[in-house]
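Hi,

Here is the structure I promised to pass on. Have a look at it first, and my notes follow below.

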Amino acid sequence: MGNTEVIPRVENMDYVVKDVLAKLILELGGQVEGIKKLMKLVFLMQYDVKRSITGRRAIKYKYKGQPMARAEFFIWSFGPMSSEVYDALEGSEFRIETRDLPYMIQYVGESPKLPEPVEERVRIIARKYGRKKGWELERHVVELLDLVPEEKKLYYMGWPVDKYLKHENIRLEERELDYG
């Protein structure tokens, strides 16, 4: 018997929001219907808000100490939005088809490599919410965050989601995705 050394699998931790968007769009068949839907899916990847008899709590998923989707979300007119997501869509690998409604966002680049726990979170959200329309996801997220009535959403306009959660006494738990 020779000396057999087990080499641990090293996860790629160098990824950006563009990679997360690309993987999500590829999971959805290479395109997604509109920025609103894409934005809400990315939000749901990074945050999981739960209701219980003891109140609300939010889980913010992280990977290697950073937000899982590599984005910061703010309360906006249509619920949580992220400038990092908008900025990433300006890359040449993304195409926004505007000839017909609804607008379709396509990813035409190579499949990015993400750490397995991040890829698994992308798959879970794509399976759970991928068939919903943007407006349905907006309504779902706004209700989860208790951003109703409209005046309440207007009051918090521009606030970071984490600050909003704290101000509204929604317990925020940061959870590292398992990376072995």
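How many positive and negative side chains does the chain have, and how far apart do the centres of the two sets lie? There are 31 positive and 30 negative ones, with the two centres 4 Å apart. Here Lys and Arg count as positive and Asp and Glu as negative, while His and the chain ends are not counted; each charge is placed at NZ of Lys, CZ of Arg, CG of Asp or CD of Glu.

Before you go on: this is a predicted model, where local features need pLDDT of at least 70 and side-chain atom pairs count only at 80 or more, but totals for chains, interfaces and linings use all residues. Residues are numbered from 1 along each chain as its sequence is written, and side-chain values use heavy atoms, without hydrogens and water.

The chain has 7 helices and 9 strands (DSSP runs: H or I of at least four residues for helices, E of at least two for strands, numbered from the N terminus). Of its 180 residues, 44% are buried (under 20% relative accessible area, 1.4 Å probe, protein chains only).

Now zoom in on helix H5, residues 134-144: Gly134, Leu137, Glu138, Val141, Val142 and Leu144 are buried there. Down the axis of H5 they fall within an arc of 160° (from directions to the C-beta atoms), so they line one face of the helix. Their cover includes helices H2, H4 and H6 and strands S2, S3 and S6. Just after H5, Asp146 has a positive phi of about 55°.

Cheers

Notes
Buried means under 20% relative accessible area, exposed over 50%, partly exposed in between (1.4 Å probe, protein chains only). Contact means heavy atoms within 4.5 Å.
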